[in-house]
Amino acid sequence: MTDDLQRPPLHDRHSALGAKFAAFGGWQMPLEYADGGVVAEHTAVREAVGVFDVSHLGKATVRGSGAAEFVNACLTNDLGRIGPGKAQYTMCCDDAAGGVVDDLIAYLHADDHVFLIPNAANTAEVCRRLAEAAPDGVTVANEHTDHAVLAVQGPGSTELLAALKLPTEHEYMSFTEASYEGRSLIVCRTGYTGEHGYELVVPATDAAVVWDGLLRAGADLGARPCGLGARDTLRTEMGYPLHGQDLSMEITPVQARAGWAVGWKKPAFWGREQLLAEKEAGPRRTLRGLEAAERGIPRAHMDVYAGDTRIGEVTSGTFSPTKRVGIALTLIDTAAQLAEGDEVEVDIRGRRSRMRVVKPPFVTPHVR
Amino acid sequence: MIPEDLRYTPEHEWVRAQPDAPAVRVGITHYAQDALGDIVFVQLPDVGAKATAGESFGEVESTKSVSDIYAPVDGAVTAVNSSLAESPELLNSDPYGEGWLVEIEPADQAALGNLLDATGYRELTESE
């Protein structure tokens, strides 16, 4: 492992659990644990509960008079649709091109206080763009290393949080302040797995106390520490896009079929003109799901064919531990006019493998 | 996790001579399965296929990635482990036992002598 990677506050905990590490957005994070592995960790989240350290995720605070109004004039989704205490999936687009700088979650605390969780690799850039555009009186603080984020995901997540006397009753996509052993933290009803779950935003110095408490109380509930390998298979089964693969500066929200996260009626947001024009004209390609009709696991960047015609490319592909088949998110040319159920082929290392077009999610979500 | 009685290739396969049969049994090492992670698909040659030392004759695919498996010696495939189609995880749980891949009847029994012994293989994995 190179030494220039940022380590999360729980690094020693992960080492002690025999984690294999990988680099994620400049951070050295656990990929899987010695007693687990991707499939066991994935299954724990679908059937019991999993505890993830996702402290590589960015954290930023926008504060000052008119902070929410300012954020709403930059990011795509309409913050006016939610009230204080609620969170919203949104995107930061490039104003000129409409491509996605990052997708993120905005936590609306008050009109003058918005907390953001961008992706690790894009946090500095999102902060830079916001800070550059911020009016007088509004500040943008990059708090990347100030907080840890622990995700508790799965049907047993409520019971696990209750064992720590943390609040569990708030609705999906909302958050509330709480404390654990005298340490304050924020309990968000959010996640990236498709299961009922929580994400805890904890001061970095308190991360170990909360992590230890979760694993101790979770032992009786079949809880497992889960790495980012399982997080990727879980999110792919849900069809949740990953920035850098399914969303990027070259892939717009219209192409990614993320128009539901764009406040089209807002007078202003970055990329509005480009995205409205693309929506009006119809995108040249869109994000589609594929499920393997035979053995074969599609992987990112493999080509997709209809007959002899190359019609697109895999952006994310993996083995679905739940369905036990290969699944993929793909960018497919609109001109191919594919319908759900149609068969296409993916070139897997020189071999054509049959796949069916399906509408994600590949597995039924249970987020509520 | 490197049994003393086996022979090894630099591509992380093991080879076991069988006392009562001319064919050798072949699998992937503990080191290999650990590096691959959870194995979800195994593609093996058909019985009767020709194996050429150093050439790919199958694939193992994990949740993360796919790897070729290379024939350790020249010869003919005399058996394949059919339980891997349903239970590829045997490669992770028992790589030297239930997770064996194929049996090959070597064209030249002396070829085994060219493979690494346990000490040589241990040195190889420690240098990787």
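The model is predicted. Chain A is assigned three domains: domain 1 (11–55 + 145–238), domain 2 (60–142) and domain 3 (284–358). Chain B and chain A bury about 1,400 Å² between them, with five salt bridges counted.

**The six-stranded sheet of chain A**

- Six strands of chain A make an open sheet, and their pairing is mixed.
- The strand order is S10-S11-S12-S9-S3-S13.
- Strands S10 (175–180) and S13 (223–226) of chain A are the edge strands. Each has a single partner strand, so one side of each is left without a neighbour in the sheet.
- On average, neighbouring strands of this sheet are turned by 25° against each other, direction ignored.
- Helix H2 (residues 38–47) of chain A packs on the sheet. H2 touches strand S3 (49–53), strand S9 (147–153) and S13 of chain A. The directions of H2 and S13(A) make an angle of about 130°.
- Strands of a sheet pair through backbone hydrogen bonds, in either the parallel or the antiparallel sense.
- S10(A) pairs with strand S11 (residues 183–188) of chain A in the antiparallel sense, over six bridges.
- Within this pair, Ala178(A) has Leu185(A) of S11(A) opposite.

**Domain 1 against domain 3 in chain A**

- The centres of domain 1 and domain 3 of chain A, taken over C-alpha atoms, are 31 Å apart.
- Contact involves seven residues of domain 1 of chain A and nine residues of domain 3 of chain A.
- These two domains of chain A bury about 660 Å² between them. Carbon and sulfur atoms account for 64% of that area.
- The salt bridge count between domain 1 and domain 3 of chain A is zero.
- Four residue pairs are in polar contact across this interface, both residues at pLDDT 80 or more.
- On the domain 1 side, H2 and helix H7 (228–238) of chain A are the elements that give two or more residues.
- H7(A) gives the most to that side, with four residues.

**Chain B against chain A**

- The contact takes in 16 residues of chain B and 16 residues of chain A.
- The size of an interface is often given as the accessible area lost when the parts come together.
- For chain B and chain A, the buried area is about 1,400 Å², and carbon and sulfur atoms give 45% of it.
- Five salt bridges are counted between chain B and chain A.
- Arg349(A) and Glu59(B) meet in a salt bridge through their side chains, at 3.4 Å from N to O.
- Helix H1 (30–36), strand S4 (39–43) and strand S6 (56–62) of chain B are the elements that give two or more residues to the chain B side.
- S4(B) gives the most to that side, with four residues.

**Backbone features to check in chain A**

- Most residues other than glycine have a negative phi, and most peptide bonds are trans.
- Arg324(A) has a positive phi of about 60°, although it is not a glycine. Arg324(A) sits in the loop between strand S16 (309–320) and strand S17 (325–333) of chain A.
- Pro360(A) and Pro361(A) are joined by a cis peptide bond, with omega about 5°. Pro361(A) lies in the segment after strand S19 (351–358) of chain A.

Key:
Residues numbered from 1 in each chain as written. Chains lettered and ligands numbered in written order. Predicted model: local features only at pLDDT ≥ 70, side-chain atom pairs only at ≥ 80, totals over all residues. Heavy atoms only, no water. Pairing = 2+ DSSP bridges. Axes fitted to C-alpha atoms, helices over the stretch in contact; angles between N-to-C directions. Contact = heavy atoms within 4.5 Å. Domains from an automatic or database assignment. Buried area = accessible area lost by both parts, 1.4 Å probe. Salt bridge = Lys/Arg side-chain N within 4 Å of Asp/Glu carboxyl O. Polar contact = N/O pair within 3.5 Å; in protein donor to acceptor, adjacent residues only side chain to side chain.
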